[in-house]
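Welcome, and please take a moment with the sequence and the model below. A short tour follows, grouped by topic.

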Number of protein chains: 2
Amino acid sequence: MHKVKIKDIGGELGLIERIKSKIKPYSKDVVAGIGDDAAVLKYGKKNYILFTTDMLVENVHFSLKYFTPEQIGMKAIEQNVSDIAAMGGIPKFALVSLALPRNIDVGFIDRLYSGINKKSKKYEISIVGGNISHSEKIIASVAMIGFAEKKYLTLRNGAKIGDLIFCSGDAGKSSAGLKLLKQNTGGKSIKKHLEPVSRLNLARKLAKIGINSMIDVSDGVASEIRHICKESKVGAIIYADKIPISKDTIIDSKKIKKNPIGFALYGGEDFELIFTANKNKMKQLKKHGVKAIGEIVDKKYGIKLAKDSKKYNLKNGFDHFKRF
Amino acid sequence: MHKVKIKDIGGELGLIERIKSKIKPYSKDVVAGIGDDAAVLKYGKKNYILFTTDMLVENVHFSLKYFTPEQIGMKAIEQNVSDIAAMGGIPKFALVSLALPRNIDVGFIDRLYSGINKKSKKYEISIVGGNISHSEKIIASVAMIGFAEKKYLTLRNGAKIGDLIFCSGDAGKSSAGLKLLKQNTGGKSIKKHLEPVSRLNLARKLAKIGINSMIDVSDGVASEIRHICKESKVGAIIYADKIPISKDTIIDSKKIKKNPIGFALYGGEDFELIFTANKNKMKQLKKHGVKAIGEIVDKKYGIKLAKDSKKYNLKNGFDHFKRF
């Protein structure tokens, strides 16, 4: 009998759609479930609960060849903070689940927790529990609760035709760093891969200014724009030359003969923010160093990338299995 | 240089104490953190948020030789429900993180989700997101949010000297079943291992009657009583002959020449409840089929097991790495 594999149903996105179609919310209190950076749950008059989780798996999301234990701990927290940030919220509480090889050194665990604690302190997140179990490969799974005032909640589905599309900062830096590491080449991008930093403070400012939709860059700018367009039922045009890319990323890309725009569009885990806002917010937003990279258009125009006065269809982002 | 291993620092419990000592809560809203079945977070006037997570790792917590995909999904939900139940609360929302081999059949994922959905439906839990990533071995990590009315919250630390200690139902059935499976022997205990059921409804009734402390049986009755005593700063005496053990467990234990009390005391994952209550609640509690198995005493008397008119020190439960 032919066995159906994940690639046969459209890869990760197909799988997520399949799972989504099988799941039923049993509570009227689910404002947003599968299909955003964090789940949004009604609770109380003023605030929503935000609820998210992310898992780091050895040799899938990190290699011990490159990452110190501290960096694994730091990234495990940052990626969840980035999800809460992308909703316009504030992270508050986290649970840490670790699966570790039986003969691991306690020093490794201490250092991993140093990384977790460093970031918990920075963001004032309370680690309130978790569990530890065995596994051949190291797994760090963090679940996080945050809150967003109802007026500041920012979903993926609020983009409006005519909105400008913004990117919060340099894109592609993390994936350029990963490529350097794999090619055994030095460069400033490497630290961006090993120690990515979420944009929580900026996200809060953006939410207060009033933006229409937001997502964090987990899988490359292209993928995130596709998510916003899908959830908001709109199209988009992105200007390749407007995408912010740092000098370091350009220098590092040259070393390994890669196009930095490729990293920005299809690389992942920059933890920058992609968001859309009405044009009349432009002046306020520009003060925060964000860059307009495109515009939301009617769905019928599709999702296009403009480069050298040509228009291309925006391909998918990096297609490993991912968040849903 | 000598590397320090987990066994060198007192095993799992030593590791959990070590982690606990390194972690600082950054919020006054943490009512209970590490050291209970679920974290308890202040929010609103009437209720607390309960927050818990549990991970199932292939070949550590389940083997595909024994478990169907549905059963893995069911257990992943049940074990978190059991944690929420042990706090006196109600589960509401869950995130599911899966790590799966790259070439896994989609049918396997469908069946795993059937198990998740079956239990979500039973308990009216909304699955509100999660993520999927790669791993050689299957990992299912569930994070769950529940609520407990302040008046019903039941912690591990409320046991009082003179309290009776109760067990909600038959203990040892799950670990007897696992032993049968490993010895390739049939018996009714096997289903208890593959499809454990939490005692949510009973836990809610107990919380409403008014009990002083509660924990679910994840690692055997002995281990759970030690947890209650440690958190409540008391001692205990348990009467071995009072511990409820089903006929099936006794029959199955005989087949494999094991003492069923061993399974009850030191086996795990029955998802029964151990709780303590004032003697004056005895009449009300008995209506619900729970059994008094011992008494809380002053800390100076330690934690003892009485059997055949002798008293023994109660050994630790099954010492795999575990929840903290």
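The cover over the buried residues of α4(B) includes α5 (189-194), α8 (247-255) and α9 (260-266) of chain B. Here helices are DSSP runs (H or I, at least four residues) and strands are runs of E (at least two), numbered from the N terminus. This is a predicted model, where local features need pLDDT of at least 70, side-chain atom pairs count only at pLDDT 80 or more, and totals for chains, interfaces and linings use all residues. Residues are numbered from 1 along each chain as its sequence is written, while chains are lettered from A and ligands numbered from 1 in the order in which they are written.

**Helix α4 of chain B**
- Eight of the ten residues of α4(B) (173-182) are buried, meaning 20 or more other C-beta atoms, placed from the backbone, lie within 10 Å of a residue's own.
- Among them are K173(B), S174(B), L178(B) and L180(B).

**Where the chains touch**

**Helices α2 and α3 of chain A**
- α2(A) (69-85) and α3(A) (106-123) pack at about 35° with axes 6 Å apart; axes are lines fitted to C-alpha atoms over the stretch in contact, and angles run from 0 to 180 degrees between N-to-C directions.
- Residues of α2(A) including I72(A) and I77(A) meet residues of α3(A) including L112(A) and Y123(A).

Note on methods
Two residues are in contact if their C-beta atoms, placed from the backbone, lie within 7 Å. A residue is buried if 20 or more other C-beta atoms lie within 10 Å of its own, exposed if 12 or fewer, and partly exposed in between; C-beta atoms are placed from the backbone.
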